[in-house]
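Please read the following report alongside the sequence and the model.

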Amino acid sequence: MDSCETPAVRVLVVEDEVRLSAALKRGLEAEGFSVDVASNGSDGLWMATEQPYDVVVLDIMLPGINGLKVCETMRAKQIWTPVLMLTAKDGELDETEALEIGADDFLSKPFSYLVLVARLRALVRRGAGPRPVALSVGAITLDPVRRVCTSSGIPVELTPREFAVLEYLMRRADEVVPKGDILTNVWDFAYDGGDNVVEVHVSALRRKLEPAAIETIRGGGYRMSTARS
Ligand code: CA
């Protein structure tokens, strides 16, 4: 943590279970994150409003203002810091609600620490910005907040990684997108497994959507076209 090359990613953890928040702080700091902890909703909301965090880990069940309300209030104040919500087990309703009020991702307790770190890195990479409405390219629509994809109006089940690849291609519709761009934006920058993994996911997407939805462009890229007939 003595590096001056890149500033540490700033994480706010809002969690009232002291043992869990202490473990998260310790673990995330060991990963090079800079971590602040708030133990109730009002402190969490205040800190998220006043400080420039890169990502917020927000428990739902909190004393005072609950996590859903904290997230909703942040978004109402135009604070778009990515939020990962921690939901109770079997909390399917909580999860739907969390996404609807502007959370970006959620994890059910108990969660894998490695998964948490990977999700936080992905959220930080995506960055803060007004939450987009559904994307649409040709017959395909994709709602990044609700995590729904349809092809000609029919829902399509995608893995999180397939979803991320498709979202990236749709955001750059009508461009030739090099495989390397997909790799660096969808996979961790430390990933060194090569381009094949992109091809595998594009093949899976073609099977699930339609073969012509994603063109292969000579020279090693892909394109989704809005004007495709
Ligand atoms: Ca709690």
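β7 and β8 form a hairpin with four residues between them, and R147 in that turn has a positive phi of about 60 degrees. Helices (H or I, at least four residues) and strands (E, at least two) are DSSP runs, numbered from the N terminus. The model is a predicted one, in which local features need pLDDT of at least 70 and side-chain atom pairs count only at pLDDT 80 or more, while totals for chains, interfaces and linings use all residues. Residues are numbered from 1 along each chain as its sequence is written, and side-chain values use heavy atoms, with hydrogens and water left out.

The strands β7 (residues 140–143) and β8 (residues 148–151) pair in the antiparallel sense over four bridges, where pairing requires that DSSP finds at least two bridges between two strands. Within this pair, D143 stands opposite V148 in β8. Strand β8 also takes part in a hairpin with β9, with two residues between them, and S152 in that turn has a positive phi of about 50 degrees.

| Strand | Partner strand | Bridges |
|---|---|---|
| β7 (residues 140–143) | β8 (residues 148–151) | four |
| β8 | β9 (residues 154–155) | two |
| β10 | β12 (residues 221–223) | two |

Strands of a sheet pair through backbone hydrogen bonds, either parallel or antiparallel. Here, three strands form an open sheet in the order β10-β12-β11, with antiparallel pairing. Its edge strands, each pairing on one side only, are β10 (177–178) and β11 (215–217). V177 stands opposite Y222 in β12. Helix α8 (residues 196–208) packs on the sheet and touches β11 and β12, and its direction makes about 25 degrees with that of β12; axes are lines fitted to C-alpha atoms, for helices over the stretch in contact, and angles run from 0 to 180 degrees between N-to-C directions.

Helix α8 also packs with helix α7 (residues 179–186), at an angle of about 90 degrees and with their axes 9 Å apart. That makes α7 roughly perpendicular to α8, a term that covers angles of 65 to 115 degrees. The contact, meaning heavy atoms within 4.5 Å, is made by K179, I182 and L183 of α7 and by V197, V198 and E199 of α8. These residues divide into four nonpolar, no polar and two charged, where Ala, Val, Leu, Ile, Met, Phe, Trp, Tyr, Cys and Pro count as nonpolar, Asp, Glu, Lys and Arg as charged, and the others, Gly among them, as polar.

What coordinates the calcium ion? The donors are D16 (OD), D59 (OD) and M61 (O), at 2.0 to 2.3 Å. Donors are N, O and S atoms within 2.8 Å of the metal (3.2 Å for Na, K and Ca), and since water is not among the atoms, sites may look incomplete. D16 lies in the loop between β1 (10–14) and α1 (18–30) and D59 in strand β3 (residues 55–59), so the pair ties together parts that are 43 residues apart in sequence. D16 is partly exposed, with a relative accessible area of 30%, whereas D59 is buried at 3% relative accessibility; buried means under 20% relative accessible area, exposed over 50%, and partly exposed in between (1.4 Å probe, protein chains only).

Terms used:
Angles under 35 degrees count as roughly parallel, over 145 as roughly antiparallel, 65 to 115 as roughly perpendicular and the rest as oblique.
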